[in-house]
Amino acid sequence: MTWAGIRRAWSRFGVDPRDAAAVERHLALARVLLALLSLAALLAEHGRRAPAAGAAALAAFSVHSILLVVYTRQSRRRDAPPRVLLHHLLDLAWVTLVFCTNGGVGGPFIGFYLFVLLGAGFRWGQPETVATGAAAMLTLAADAGLRTALGQVVDWHVAGIDLVYLVVGTLLVSLGENERRHREQAWAAGEILTQITPHSGLVPSVQNVLGTLMRQVRASRAVLVVSEDGHERVFLWQATAGDAGAPPQIRLRQHTRANCGTWLFPVPAEADAWQARIRRRDGRREAQVTTLDASGEPSGIRVELCPLLDAPFEWREVLCLSSLPGEGWHGRLFLFDPGIWRPGYYDLRFVQAVVRQIVPTLLNLQLHRRLGSRSGALDRANIALRLHDGVIQSLIGIEMQVDVMRRQAGTPRGAADDLEDIQRVLADEILNLRDLMQVLKPDEVEPEHLVEHLIGELAHFRNRTGIDAILACVEDTVDFAPRVCREVTAIVREALANVRKHSGATAVRVHLGQEGADWLLSVDDNGRGFGFEGTLDGAELDARHLAPAIINERVRAIGGRLTVSSRPGHGARLDIRIPGRHHA
């Protein structure tokens with residue numbers, strides 16, 4: 001493995017690029033001060049007796065430091081990402097050169113390694129700091145051994161003090177690991193939270209969160225399973241990493257609990273988060289599992305992962321949060337094959353901490369959506385009530401008065417005909433207002449009651465208009481989400497209203513049935529039809545401006561496809577194909 005590959009293995013989670021650039025600018029200024037002041041101190045102390053190689057090394061290091069200051073400023077203007085690993089390796093090389101050419105063990109420049117250790121701590125964290133400290137200790141030992149082999153006198157007491165100095169420096173720098181982790185988690189959570197906006201809706205926000213989290217942990221796949229309390233419905237988000245920096249491909253499907261055993265297998269409550277790695281032993285796949293409780297401490301609970309081994313794709317490692325609590329729902333998050341590795345429980349604690357900060361915001365968005373929906377429903381119900389108690393009642397009263405005037409003796413023939421026309425217009429407008437009232441009236445229709453609800457809608461339509469209306473459906477229940485049920489009800493209402501107002505039909509037939517994985521909703525009447533003969537799909541209807549606008553908009557909202565068949569003088573049929581198990 002190359003050093004770049006090793007570096008990627010120590011850098012799983014993203015760091016704010018602005019923070020990284022600021023760290024490099026501060027280190028560049030500190031590097032210049034360290035180099036120039038050390039060179040001045042060496043010349044002031046030894047003058048002409050200063051070791052030529054040591055002075056030359058310090059001078060070259062000073063020039064290098066000044067050039068790096070210029071480079072970091074230019075990179076800031078170009079918005080270029082800092083070459084953190086290269087800078088760290090150059091620092092380690094220059095410090096080693098200065099240390100070895102200025103007396104090595106017992107020389108005055110052992111403190112330069114503290115700068116390199118601080119750089120590792122600020123750039124990355126504890127593992128890199130320990131690795132840098134180990135490299136410095138090896139250099140110290142190698143320098144002492146080489147000088148001894150060359151016959152030079154080495155004060156091993158001083159060498160021991162230098163070694164202790166490096167050990168203490170490494171430990172002190174490592175103490176900042178918790179602060180760096182909190183900073184890293186805060187940035188990661190902040191980046192994800194920017195993807196959650198109320199106007200975009202819950203489903204797009206969840207998809208944005210999932211895609212950003214995948215990119216941060218460099219996972220190849222992610223699965224989010226959300227189940228509603230008291231329902232068999234399960235919503236399944238599956239995301240696959242894109243190629244060459246492309247955004248992840250995310251699909252949302254609806255299933256039942258019985259079909260989600262791969263993801264919703266039993267997990268002990270104490271295993272709030274767990275990490276599993278696959279090992280092959282004697283030709284069999286076995287999972288090595290580590291678990292954390294809700295406080296982030298190791299729980300040592302055994303998790304049986306046999307169902308997950310039957311996932312529809314191969315995986316080697318998975319991070320999982322077993323329980324994401326919400327109002328009326330529970331979730332489970334899987335992140336498969338993170339690109340790289342850190343020791344201990346760091347990966348798992350990171351994901352656990354970040355997601356815990358995100359879930360409340362998603363909950364607030366869900367509550368905001370529900371409150372908005374309920375508020376809108378109440379407003380529409382209030383408008384419908386005002387229409388019924390005010391405008392419609394007034395129009396009915398006017399229509400009755402016109403009817404009385406038309407039937408009164410002595411009314412001229414022409415005036416009676418005019419009054420009959422006015423009465424007919426009033427009757428039509430009363431029906432139109434009733435249709436509008438039905439559209440405004442909120443309907444919360446559960447899938448198990450959709451067929452029964454549609455039967456009631458058609459009976460009500462038949463009683464109001466005298467048009468024969470029947471529903472043909474062999475299914476007792478449908479597998480739509482409540483939102484889709486509401487849209488289907490509104491589509492049927494709008495289609496019936498169009499039949500009454502425009503078709504002149506005496507009969508209409510509504511059919512709802514399953515065709516493969518999809519559902520087909522048809523509205524067929526015997527009226528005058530459209531101004532064309534044949535069948536047109538949604539694109540053709542849009543191009544010819546023939547699509548029923550409200551119906552077409554609702555069909556698109558549920559991911560369906562609309563086609564219209566017309567037989568001028570014999571009727572028309574609307575066919576709406578609705579994807580099954582796709583909508584939340």
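Buried, in this talk, means under 20% relative accessible area; exposed means over 50%, and partly exposed lies in between, with a 1.4 Å probe and protein chains only. By that rule phenylalanine 336 is buried, with a relative accessible area of 0%. We come back to that residue.

First, the ground rules. This is a predicted model, where local features need pLDDT of at least 70, side-chain atom pairs count only at pLDDT 80 or more, and totals for chains, interfaces and linings use all residues. Residues are numbered from 1 along each chain as its sequence is written, and side-chain values use heavy atoms, with hydrogens and water left out.

Now the overall picture. The protein has 16 helices and 13 strands. These are DSSP runs, numbered from the N terminus: helices are H or I with at least four residues, strands are E with at least two. Of the 584 residues, 43% are buried. Contact means heavy atoms within 4.5 Å. Among contacts with a separation of 6 or more, 68% come from residues 24 or more positions apart.

On to the aromatics. A pair of aromatic rings is described by the distance of the centres and the angle of the planes. Rings of Phe, Tyr and Trp (its six-membered ring) pair if their centres lie within 6.5 Å; planes under 30 degrees apart are stacked, over 60 edge-to-face, the rest tilted. The whole structure holds 14 aromatic pairs.

Take phenylalanine 99 and tyrosine 113. Their ring centres are 5.7 Å apart and their planes stand at 65 degrees, so this pair is edge-to-face. Phenylalanine 99 sits in helix H4 (residues 84–101) and tyrosine 113 in helix H5 (residues 112–123), 14 residues apart. Phenylalanine 99 is buried at 1% relative accessibility. Tyrosine 113 is buried too, with a relative accessible area of 1%.

Back to phenylalanine 336. What is the geometry of its pair with tryptophan 263? The centres are 6.2 Å apart and the planes at 70 degrees, so the pair is edge-to-face. Tryptophan 263 lies in the loop between strand E3 (249–256) and E4, while phenylalanine 336 is in strand E7 (residues 329–336), so the pair ties together parts 73 residues apart in sequence. Tryptophan 263 counts as buried at 4% relative accessibility. Both rings belong to one aromatic cluster: Trp263, Phe265, Trp274, Phe313, Trp315, Phe334 and Phe336.

Stay with strand E4 (residues 273–281), which holds glutamine 275. That glutamine 275 is buried, at 2% relative accessibility. Its side chain makes a polar contact of 2.6 Å with the side chain of glutamate 317. A polar contact is a pair of N or O atoms within 3.5 Å; within protein, one must be able to donate a hydrogen and the other to accept it, and residues adjacent in sequence count only if both atoms are side-chain atoms.

Threonine 212 is buried at 6%. Its side chain reaches the backbone oxygen of asparagine 208 at 2.9 Å. Beyond its neighbours within four places in sequence, threonine 212 contacts Glu191, Ile192 and Gln195.

Two backbone points. Arginine 218, in the loop between H9 and strand E1 (221–228), has phi near 55 degrees, a positive value in a residue other than glycine. Aspartate 337, in the loop between E7 and helix H11 (346–407), has a positive phi of about 50 degrees, though not a glycine. Which is buried and which partly exposed? Arginine 218 is partly exposed at 40%; aspartate 337 is buried at 11%.

Now the strands. E8 (residues 468–472) and E9 (residues 507–515) pair in the parallel sense over five bridges. Strands pair if DSSP finds at least two bridges between them. The chain crosses from E8 through helix H14 (residues 482–503) to E9, and this β-α-β crossover is left-handed. Right-handed would need a clockwise path from the first strand over the helix to the second, with the strands pointing away from the viewer.

Last, the cores. A nonpolar core is a set of buried Ala, Val, Leu, Ile, Met, Phe, Trp, Tyr and Cys residues joined through side-chain atoms within 4.5 Å. The largest has 36 residues; Leu450, Phe480, Val508, Leu521, Ile576 and Ile578 touch the most other members. H14 gives the largest share, eight residues. Another core lies apart from it, with 35 residues, including Val209 and Leu324.
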